[in-house]
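User: Can you walk me through the domain interface in this one?
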Amino acid sequence: MDRVVNFSAGPSAMPLEVLMRAQSELVDTNHAGMSVMEMSHRSKAFEDILENTKHLLKKVMSIPENYKILFLQGGASLQFSMIPLNLLQKDHEAAYIITGSWSQKALKEAKKVGQTTVIATSEETQFRNIPDFSQITHKENLSYVHITGNNTIEGTRFTTLPKTDAPIINDWSSGILSEEINVSDYGVIYAGAQKNLGPSGVTVVIIRDDLIGHAPDNLPTMLDYKTHEKSDSLYNTPPTFGIYMIGLMLEWIDSLGGLKEIEKRNREKASLLYEAIDQSSLFYSPVNKEDRSLMNIPFKTDSEETDKAFIEFAASKQLVELKGHRSVGGMRASMYNAMPIEHVERLCSAIREFEEKVK
Ligand SMILES: *Cc1c(COP(=O)(O)O)cnc(C)c1O
């Protein structure tokens, strides 16, 4: 077996143990005599899988009783619409903090639904930082405040939250399960699975139960959170394989010691790479130090040609998917939970070796 070191932003690397386990159960899952992919979503065998995944997510994230877990489709991108369609009340505004292209996309969809307001943005610094929102005090008639907790493309991350009475909605697609948080600080946390949860095709929505059931009557059934809450994500056929894989990922995290241990590892990994970048006289991080992401780490040289040469150099050492997002350029290393520290060490060595070589 020849597996590369995969720095892809998503779909992204999964733990080998988890893939091997899925392989071993592929044709006969949980002794059902059939694969999870062949099971009716209404069967007892699948119900057990769904319950197990929900139970483990609750346990690993310490999700309080008054929150519901939904497994939906349409990606994080459909949540950009479902959030305002369900939560933006008449004569109210939806507030957005703009920290990159995903939050811009979220705002664009909300504008189609109702009144919005941008309460902070870091657009003027090309999103190199999380903007200061400490001055934002009470604002009347806000339905919610939307943030992008971890900015996958720009490489920034929220470490504090706005002070507000309105529920905070967090697009945490690339941050979920990477560190400990207090779920009750949020009204909704949503995430496309393909970054840090499992395979693509399933979106996890963790929603405070009092926020469900306020959608207008003319909202299509499939877009209403109530539909999915009432039917326990089984209104229609859910992404069964994805839900199963998230369960395996959570079992793996739980067996390692939960989010406390995962966060410790992620901090170690990130500081190792930031250190290598900061010590280099060739490479630099475009991101403000206090706001640096633990998951997605962009870095650059002063020349596009050198960037390209480095990406090729790294690929020759089986370090792949390091090309930065086309809007940012340079390199980006995404280092989700599945990536062991040894893989990050190999990237750090490649950085030092390359610098030595081009000197
Ligand atoms: C990847 C990503 C999205 C888009 O997710 P899809 O599941 O492809 O719709 C949205 N927000 C953030 C922060 C992301 O990283």
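This is a predicted model: local features need pLDDT of at least 70, side-chain atom pairs count only at pLDDT 80 or more; totals for chains, interfaces and linings use all residues.

User: Where are the domain bounds?
Analyst: Domain 1 covers 16-255 and domain 2 covers 257-358. The bounds come from an automatic or database domain assignment.

User: How many residues does the contact take from each?
Analyst: Domain 1 gives 24 residues and domain 2 gives 27. Contact means heavy atoms within 4.5 Å.

User: And what area is buried?
Analyst: About 2,200 Å², with 52% of it from carbon and sulfur atoms. That is accessible area (1.4 Å probe) lost on putting the two parts together, summed over both.

User: Which residues in domain 1 lose the most?
Analyst: Ile153, Arg157 and Glu180, together 25% of what that side buries.

User: Switching to charges. How many salt bridges cross over?
Analyst: The rule finds 2. It asks for a side-chain nitrogen of Lys or Arg within 4 Å of a carboxyl oxygen of Asp or Glu.

User: What does Glu180 pair with?
Analyst: Lys260. Their closest N and O atoms are 3.9 Å apart.

User: Which elements supply two or more residues on the domain 1 side?
Analyst: α2 (44-61), β7 (156-157) and α6 (240-256). Helices (H or I, at least four residues) and strands (E, at least two) are DSSP runs, numbered from the N terminus. The largest share, 4 residues, comes from α6.

Conventions:
Residues are numbered from 1 along each chain as its sequence is written. Side-chain values use heavy atoms; hydrogens and water are left out.
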